[in-house]
Amino acid sequence: MRRKIHIKGLVIVVLAAVVVWMAAGSVADDVMPTVRRGGVVVHTVGEQKSDMARMVEAYESLSSRYLSMVQQNLSMMSNTDQQILNKLDSLEKKIDELGKKINVIAEQTAPKTKPRPIGDNAKARD
């Protein structure tokens, strides 16, 4: 009786192992493409990347993202600088116009005679 139980257990373990092996084989077929050469089935495995290769790819990706961000910021700074220059040009034109108006007003309100120093008036009286 014990022997039958041991045999049943052994058969169940073997069947479970076969089922797991077949399931792993079907998953491996999905992961590893098979190629038939002649009458032989050849399983191929994709390229495995080393840690260094992954680090280099991550660094290149990070560098390209940083470069694009810097280019965007430089473009925005260029636009801002252009706006500032345009504003300064318009302010300079307005200041020139005000300077001309002030000169006209100064000419109109200036006395017609040239003022003399106070010391000159005292000598002229003597």
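The protein chain has three helices and two strands, where helices (H or I, at least four residues) and strands (E, at least two) are DSSP runs numbered from the N terminus. Starting at the N terminus, the order of elements is α-β-β-α-α. Keep in mind that this is a predicted model: local features need pLDDT of at least 70, side-chain atom pairs count only at pLDDT 80 or more, and totals for chains, interfaces and linings use all residues. Residues are numbered from 1 along each chain as its sequence is written, and side-chain values use heavy atoms, with hydrogens and water left out.

**Surface and burial**

- Buried residues come to 0% of the 126 residues in the protein chain; buried means under 20% relative accessible area, exposed over 50%, and partly exposed in between (1.4 Å probe, protein chains only).
- The protein chain exposes about 12,400 Å², and carbon and sulfur atoms supply 63% of that.
- Those areas come from the Shrake-Rupley method with a 1.4 Å probe, and for residues only the protein chains shown count as cover.

**A nonpolar patch**

- Leu 10, Val 14, Val 18, Trp 21 and Met 22 make up a nonpolar surface patch, with about 560 Å² of accessible area together.
- Patch residues have over 30% relative accessible area and no salt bridge; like charges are joined within 9 Å, and nonpolar side chains (Val, Leu, Ile, Met, Phe, Trp, Tyr) within 5 Å.
- Trp 21 sits in helix α1 (residues 2-31), and Trp 21 counts as exposed because its relative accessibility is 64%.

**Salt bridges**

- Searching the whole structure turns up two salt bridges, each being a side-chain nitrogen of Lys or Arg within 4 Å of a carboxyl oxygen of Asp or Glu.
- One of them pairs Glu 57 with Lys 49, with the closest N and O atoms 3.2 Å apart.
- Glu 57 is partly exposed at 38% relative accessible area, and Lys 49 is partly exposed at 42%.
- Asp 51 pairs with Arg 54, and here the closest N and O atoms are 2.8 Å apart.
- Both Asp 51 and Arg 54 belong to helix α2 (residues 51-109), three residues apart, or about one turn of the helix.
- Asp 51 counts as exposed at 56%, while Arg 54 is partly exposed at 46%.

**A negative patch**

- Asp 89, Glu 92, Asp 96 and Glu 97 gather in a surface patch of negative charge.
- Lys and Arg count as positive and Asp and Glu as negative, with His and the chain ends not counted; the charge is placed at NZ of Lys, CZ of Arg, CG of Asp or CD of Glu.
- Glu 92 lies in helix α2 and is partly exposed, with a relative accessible area of 46%.
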